[in-house]
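These are my notebook entries on one chain, set down in the order in which I looked things up. I begin with the terms and the totals and then turn to single residues.

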Amino acid sequence: GWLGAGSWEPVAKNETKTVSLEIPVERFRCWNTPEKRYGVEPGAYELLIGSASDDIRERVPLEVTPAN
């Protein structure tokens with residue numbers, strides 16, 4: 001699903017650019033049926049970066065850890 005942290009940065013052909021996105025942890029929530037509420041499951045996730053959902057150009061692993 002869409003995380004709502006999109007950014008549009010023009011990049012020339014053969015150029016690389018570093019960008020930062022702030023993604024609130026709530027964007028990783030899902031429905032917990034037994035508890036009947038939304039929650040964020042700790043664990044490994046992967047962000048898919050591309051110009052469209054059928055044009056993925058980069059995969060970025062990330063880890064969501066439990067709140068203390």
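I took a contact to mean heavy atoms within 4.5 Å. With that cut-off, I found that residues 24 or more positions apart account for 14% of the contacts in the chain with a separation of 6 or more.

Before going further I noted that this is a predicted model, in which local features need pLDDT of at least 70 and side-chain atom pairs count only at pLDDT 80 or more, while totals for chains, interfaces and linings use all residues. Residues are numbered from 1 along each chain as its sequence is written, and side-chain values use heavy atoms, with hydrogens and water left out.

Next I looked up the secondary structure, reading helices (H or I, at least four residues) and strands (E, at least two) as DSSP runs numbered from the N terminus. The chain has 0 helices and 4 strands, in the order β-β-β-β along the sequence.

For the surface I used Shrake-Rupley areas with a 1.4 Å probe, only the protein chains shown counting as cover for residues. The accessible surface of the chain is about 6,300 Å², and carbon and sulfur atoms hold 51% of that. Taking buried as under 20% relative accessible area, exposed as over 50% and partly exposed as in between, I found that 9% of the 68 residues are buried.

I then asked which strands pair, where pairing requires at least two DSSP bridges. Strand 1 runs antiparallel to strand 2 (residues 37-40), and 4 bridges join them. Asn32 stands opposite Arg37 of strand 2. The two strands make a hairpin with 4 residues between them, and Lys36 in the turn has a positive phi of about 55 degrees.

How many aromatic pairs does the structure hold? I counted 2, with ring centres of Phe, Tyr and Trp (its six-membered ring) within 6.5 Å, and planes called stacked under 30 degrees, edge-to-face over 60 and tilted for the rest. Phe28 and Tyr45 are edge-to-face, at 4.9 Å between centres and 65 degrees between planes. Phe28 lies in the segment before strand 1 (29-32) and Tyr45 in strand 3 (residues 43-50), so this pair ties together parts 17 residues apart in sequence. Phe28 is buried at 12%, whereas Tyr45 is partly exposed at 25%.

The rings of Trp31 and Tyr38 have centres 5.0 Å apart and planes at 75 degrees, so I recorded this pair as edge-to-face. Trp31 is partly exposed at 45%, and Tyr38 is also partly exposed at 45%.

Last, I checked for a charge over a ring (NZ of Lys or CZ of Arg within 6 Å of the ring centre and within 35 degrees of the ring normal). The charged end of Arg29 sits over the ring of Tyr38, 4.1 Å from its centre.

How values were computed
Buried means under 20% relative accessible area, exposed over 50%, partly exposed in between (1.4 Å probe, protein chains only).
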